[in-house]
Amino acid sequence: MDATTKPQYDNGVVQYLSVGAVVFLVLGTIFGTYAAFELAYPALNLDIPEITFARLRVMHTNTVIYAFGGMTLMATAFYSVQRTNGVRLWSNGLAWVTAILFTIGLLAVVLTISLGMTTGKEYHEQEWPLAIAVAIVWTLYTVNFVMTIASRNKEKVPNVYVSNWFFLGMMVAVTYLYVVNGLALPVSLFRSYSLFSGVQDAMIQWWWGHNAVGFFLTAGFLGIMYYFVPKQAQRPIYSYRLSVIHFWALMFGYVWLGAHHLQYTALPDWTGSLGAVISLSMIIPSWGGALNGMLTLSGAWDRLRTDYILRFLIISLAFYAMSTFEGPVMSAKTVNALSHYTDWTIGHVHSGALGWVAMVSIGALYHMVMKLWKTEMYSMKLINFHFWLATIGTVFYIVAMWVSGIMQGLMWRAYDEYGVLAYSFAESVAAMHPYYVMRAVGGLLFTLGAVIMLYNVVMTIRMANAKQTATAGAAAAA
Amino acid sequence: MAHHNPWPNEGNTGHIWDEDIRELDNPPPLWWMLAFYASFIMIIFYALYYPTIPLANGYTKGLAGWTAVKEYHEDYQKLKDWRKAKFADKEEKLGSLSAAQILQDPDLKAYSIATSKMLFGDYCAACHGVGGQGNPNFPVLADDDWLWGGKIQQIQASITNGRVGNMPARGMMGNLTDEDIQNVADYALALSEGKGDDPQYAKGKAVFAKGMCLACHGPKGKPLAPAGAANLTDQIWRFAPNMNPTKEDMRKSYIHTITYGVNVKKNGEYLPGTRRAQMPTFKHRLPNADVNIKRLAVYVHELGGGQ
Ligand code: HEC
Ligand code: HEC
Ligand code: HEM
């Protein structure tokens, strides 16, 4: 095709965000792995307050979710919204401002957490000045995205592609949930108190908390899936109707789930039940997405043998299907009574976070790097190697946590022949040690994969830049 | 792009984005649709069964009559009934007999020990270690070296009311010099090796008298009666930087203890550097404290060092 007829897109900001995402993936998984080693060998905190588990854990979650996940969402959204609407960004300048502010904001978030400043609300630890900054950046991102869709040529692109619906759904939900949960009374620059108290605070917190998972880490990443899977597989999406149904089911369903985090607490019984039953009814809508992605490959399964990037995308769907089955099952009262407060939850989180979120992101990032720098990857072999490290690391992690979590739950409730609890808490902690080691090793493998990815991406960019200067030089010489 | 479809025969919807993204017109798989409807039906049944729907005043209670608190009480009651059926007589005796009497009854003694493990694990092990083997700065309970006495009543008193050891800084009058302290520390370490009478420690021995250490630690380094002071004639360390300290570690530790004392307070505040040694009181802390303290006292007594 003639290059001049091809639409031109704003690529610089996407390039920046893509590399940023990879860097934060490395950083976040290093935090996570070190935190995992600290749980296995507590002396590793070296008595330095800034890296004790309590802080490192939160630095980890903020870095992986917001820095890595957020940058990936921004990069993929800005990338795909242009291409699926056939226009440039509404404002490239605004996108740059958003990206830079986001980077600075996140570094500030991680830094303040390491200094011990926190609201104590999970996934909302940012104290109020930073929370306001995050909300502003998020709004700028949303406005730019919406306006880009609005500015498309409606003759040429009458319909809005499904990836954009998912991004939009995420943006709307995350905005109102984050803002409501963040309502607080500041008493000093880095200390504020929530407007809600007691059980209401808990409910609002998990209303947001679960949707940090449901919208930020799921809806947004389904948007990624819907653009990058058909692109990489070069196959049409299996079913338009399926995408409509599961989209609306997820949008309406997910906001109800938060209460499943608070069963058997002071929360009223009906609230917990409602959260649980809607959770159970989310299995099928969730599988709709996984199914639509996987069936897109039908007739092209053989490509998995040669296309390593596609492998990341497809295995992510398998993990997505698995963890969206596991989560609802864990919401059922009888299962929840065993699984809650145990490592099983942590295993569940990471089969989603590593298996689904990270894998689909990694696939999309490799895809974008090749397109954005118009080149092959520096090494396809290394991508394959990364794939195996990530997969084996993830499996190590979740298997270890399944075993340790279920064991922990069973030990807590075991009675001996006198009808007395059979194990003290300390004994259950001691029993978890081998699994903590195994999890940390899994994390190490996963992190190694991320480091290899960073290397591969950097080398690819250098290679592309060298080629460009060479061709430019050749053109000048001619 | 909608006008031009390069893939007319694959059954796509006719919408094409970014040159080659398109969607097929396939219906969702039948099993998926059925399961989707079944999910709705499940919600209805679940909502009938459990308390689920909020109303203007209250909420639907559900056919199961389930509430979380009820489930808890019922389960707990089941356990209590089971325990009562099997052990009511023993529990009653634990209530009415004294700890010393319990010790005399082999059956009750065994029962107390068996039912204490978890209590000890949850309330005591964090400081004293699982099985009472001690931790740096927390005394071993499984040996016969007692600060406050190893008789059953003494152990019971330790748990009931707690214990706070006291030792002044720099001797009874607070007047020992740094040199005195080094000498007396060397002497005290020599005591732990049974070499207290070696002439080379004479200076330290004199300080031991001058500082009136012997008032608490006894003339030969072994307290005459248990009143909280450490026995200095053995190698069971009270304050140590780790589980297996070297002699040099212990010399430093001794000098520190003698310089800053133990639980030394001024105006109700601990002075900097002073050793903190406090056994919390448990009479308000343990559930069913009356019986459980006896149970634990018997357990600790039988860890190995009871007298
Ligand atoms: C917060 C830490 C802590 C906890 C928890 C604790 N102890 Fe102690 N315990 C101590 C310390 C410190 C001492 C030594 C007091 C002193 O130095 O005078 C001590 C002393 C004792 C003594 C006296 C030892 C002696 O040599 O005379 C007994 C008996 C004892 N504890 C039993 C228990 C039991 C039983 C429990 C659980 C119900 C328990 N402790 C829980 C810190 C603790
Ligand atoms: C008022 C009583 C008292 C006097 C006087 C006293 N001590 Fe102590 N000393 C204690 C008590 C009580 C402890 C143990 C603290 C505990 O376990 O709570 C102790 C602990 C020690 C220890 C720590 C033992 C170990 O294993 O870590 C040393 C060493 C020691 N004393 C030496 C001395 C010397 C030397 C003097 C005289 C300069 C002295 N004490 C005077 C009461 C006293
Ligand atoms: C090398 C890979 C990783 C390792 C070793 C790791 C390790 C850990 C550890 C040790 C914890 C704390 C667990 C606890 O408190 O017991 C944790 C929590 C968490 N991590 Fe990771 N992590 C990794 C990657 C990720 C990624 C990529 C994401 C998201 C995209 C993620 C999301 C989370 C979340 C949300 C939590 C909090 C879970 C909860 O509170 O229930 N992690 N991680």
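User: Of the 28 residues around ligand 2, which come nearest?
Analyst: Ligand 2 has 28 residues around it, a residue being near a molecule or strand if its C-beta atom, placed from the backbone, lies within 6 Å of it. This is a predicted model, in which local features need pLDDT of at least 70 and side-chain atom pairs count only at pLDDT 80 or more, while totals for chains, interfaces and linings use all residues. Residues are numbered from 1 along each chain as its sequence is written, and chains are lettered from A and ligands numbered from 1 in the order in which they are written. The nearest residues are B:Gly165, B:Gly211, B:Cys213, B:Cys216 and B:Ala277.

User: How many residues of the shell around ligand 2 are nonpolar?
Analyst: Helix 8 (178–192), helix 10 (213–217) and helix 11 (247–260) of chain B each supply at least two residues of this shell; helices (H or I, at least four residues) and strands (E, at least two) are DSSP runs, numbered from the N terminus. Ala, Val, Leu, Ile, Met, Phe, Trp, Tyr, Cys and Pro count as nonpolar, Asp, Glu, Lys and Arg as charged, and the others, Gly among them, as polar. Besides eight polar and one charged residue, the shell around ligand 2 has a nonpolar count of 19.

User: What distance separates the centres of domain 2 and domain 3 of chain B?
Analyst: Chain B also has a domain 1 (12–59); the bounds come from an automatic or database domain assignment. Taken over C-alpha atoms, the centres of domain 2 and domain 3 of chain B are separated by 32 Å.

User: How many residues does domain 3 of chain B give to the contact with domain 2 of chain B?
Analyst: Two residues are in contact if their C-beta atoms, placed from the backbone, lie within 7 Å. On the domain 2 side of chain B, six nonpolar, five polar and two charged residues touch domain 3. The contact takes 13 residues from domain 2 of chain B, and the number from domain 3 of chain B is 14.

User: Which helix of chain B gives the largest share of the side that touches chain A?
Analyst: In the contact between the chains, 46 residues of chain B meet 39 residues of chain A. Elements of chain B that supply at least two residues include strand 1 (12–17), strand 2 (21–24) and helix 2 (68–96). By class, the side of chain B has 29 nonpolar, nine polar and eight charged residues. The largest share, eight residues, comes from helix 1.

User: Which residue in the turn between strand 1 and strand 2 of chain B has a positive phi?
Analyst: Strand 1 and strand 2 of chain B pair in the antiparallel sense over three bridges, pairing being called if DSSP finds at least two bridges. B:Trp17 stands opposite B:Ile21. The two strands form a hairpin with three residues between them, and the residue with a positive phi of about 45° is B:Asp18.

User: Are B:Ile21 and B:Glu23 of strand 2 of chain B buried or exposed?
Analyst: In a regular strand the side chains alternate between the two faces of the sheet. A residue is buried if 20 or more other C-beta atoms, placed from the backbone, lie within 10 Å of its own, exposed if 12 or fewer, and partly exposed in between. Both faces of this strand are covered, with B:Ile21 and B:Glu23 on one side and B:Arg22 and B:Leu24 on the other, and all four are buried.

User: Which helix of chain A gives the largest share of the shell around ligand 3?
Analyst: Ligand 3 is surrounded by 24 residues, including A:Thr29, A:Gly32 and A:Val64 among the closest. The shell has twelve nonpolar, ten polar and two charged residues. The largest share, eight residues, comes from helix 13.
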